[in-house]
Amino acid sequence: MIIDHDFTLREIKKNDQDFLFEMLYQSIYVDPDSPPPDREIIDVPKIRKYVENWGKEDDSGFIAIDIKTGERIGAIWLRFFNFQNKGYGYINENIPEIGIAVDYDKRGKGIGSALLHKLLNNLKESISSISLSVEPKNPAVKLYEKIGFVEYCAAGTSVIMRYDIKS
């Protein structure tokens, strides 16, 4: 566990799955002029698969916890998909996709950056790249680019970004 500022980071546990579903919902970008989607959107199989049955062999990730309140305030997670079960940021079966979200009220305080750095520093040696899908208007794009993600390709209204781990 690392401590940074007013939050700490720890590994995701199986009993964090409900929180991961909440973070999955909060990770859906909504234009400021648009209403948020119904919460039932996370029941759509193509979305739900990002956290459903959490704790598979290759699943990994971290949770940010507010030191003062003990509340979970953010998460980053990594999951592998295959050609028959592609995610929105799918490149190939050897490149896992990440999901990341910080509680709406806690954004802009370095939590997302800390989660990304923690994940990158703890990747298994067998992982050479990671990917994600993001709406181009999402302010998080700036963070991803600052960390070293590059646009891989357009995918509908989103872009797939890729981060290559340097040896």
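This is a predicted model: local features need pLDDT of at least 70, side-chain atom pairs count only at pLDDT 80 or more; totals for chains, interfaces and linings use all residues.
User: What share of the accessible surface of the protein chain belongs to carbon and sulfur atoms?
Analyst: The accessible surface of the protein chain comes to about 9600 Å². Of the 167 residues, 43% count as buried. The part of the accessible surface that belongs to carbon and sulfur atoms is 48%.

User: In what order do the elements of the protein chain run from the N terminus on?
Analyst: The secondary structure of the protein chain consists of four helices and eight strands. Read from the N terminus on, these elements run β-β-α-α-β-β-β-α-β-α-β-β.

User: Why is the protein chain described as being as compact as a globular protein of its length?
Analyst: The C-alpha trace spans about 40 × 40 × 30 Å along its principal axes. For 167 residues the globule rule gives 15 Å, and the chain is as compact as a globular protein of that length because its radius of gyration is close to this value, at 15 Å.

User: What percentage of the contacts with a separation of 6 or more joins residues 24 or more positions apart?
Analyst: A contact requires heavy atoms within 4.5 Å. Among contacts in the protein chain with a separation of 6 or more, residues 24 or more positions apart account for 62%.

User: Which element gives the largest share of the lining of the largest pocket?
Analyst: The largest pocket has a volume of about 1200 Å³ and is lined by 43 residues. The elements giving two or more residues to this lining are α1 (17–26), β5 (97–102), α3 (111–121), β6 (129–134) and α4 (140–147). The largest share, six residues, comes from β5.

User: How many residues of the lining of the largest pocket are charged?
Analyst: Ser27, Ile28, Tyr29, Ile100 and Asn138 are the lining residues that lie nearest the centre of the pocket. By class, the lining has 26 nonpolar and 12 polar residues, while the number of charged residues is five.

User: Which elements are included in what covers the buried residues of α1?
Analyst: Seven of the 10 residues of α1 are buried, and the helix is mostly covered. The buried residues are Phe19, Leu20, Phe21, Met23, Leu24, Tyr25 and Gln26. Their cover includes α2 (45–48), β3 (60–66), β4 (72–79) and β5.

User: How many of the 11 residues of α3 are buried?
Analyst: Among the buried residues of α3 are Ile111, Gly112, Ala114 and Lys118. The helix is mostly covered, and its number of buried residues is eight.

User: Is arginine 79 buried or exposed?
Analyst: Arginine 79 lies in strand β4. Not counting residues up to four places away in sequence, arginine 79 touches several residues, including Tyr50, Trp54, Asp59 and Glu97. Buried means under 20% relative accessible area. The relative accessibility of arginine 79 is 3%, so this residue counts as buried.

User: What distance separates the C-alpha atoms of arginine 79 and serine 126?
Analyst: Arginine 79 and serine 126 are 47 residues apart along the chain. Their C-alpha atoms are separated by 14 Å.

User: What is the phi of asparagine 53?
Analyst: Asparagine 53 is placed in the loop between α2 and β3 and counts as exposed at 53% relative accessibility. Most residues other than glycine have a negative phi. Asparagine 53 is not a glycine, yet its phi is positive, at about 55°.

Key: Residues are numbered from 1 along each chain as its sequence is written. Side-chain values use heavy atoms; hydrogens and water are left out. On a 1 Å grid over the protein atoms alone, a cavity is a set of points where a 1.4 Å probe fits but cannot get out, and a pocket is an open set with protein on both sides within 12 Å along at least five of seven lines; lining residues have an atom within 4 Å of a point. Grid points are joined across faces, edges and corners, and a volume is the space filled by probe spheres set on the points. Ala, Val, Leu, Ile, Met, Phe, Trp, Tyr, Cys and Pro count as nonpolar, Asp, Glu, Lys and Arg as charged, and the others, Gly among them, as polar. The radius of gyration is taken over C-alpha atoms; the globule rule is 2.2 Å times the number of residues to the power 0.38. Buried means under 20% relative accessible area, exposed over 50%, partly exposed in between (1.4 Å probe, protein chains only). Accessible areas come from the Shrake-Rupley method with a 1.4 Å probe; for residues, only the protein chains shown count as cover.
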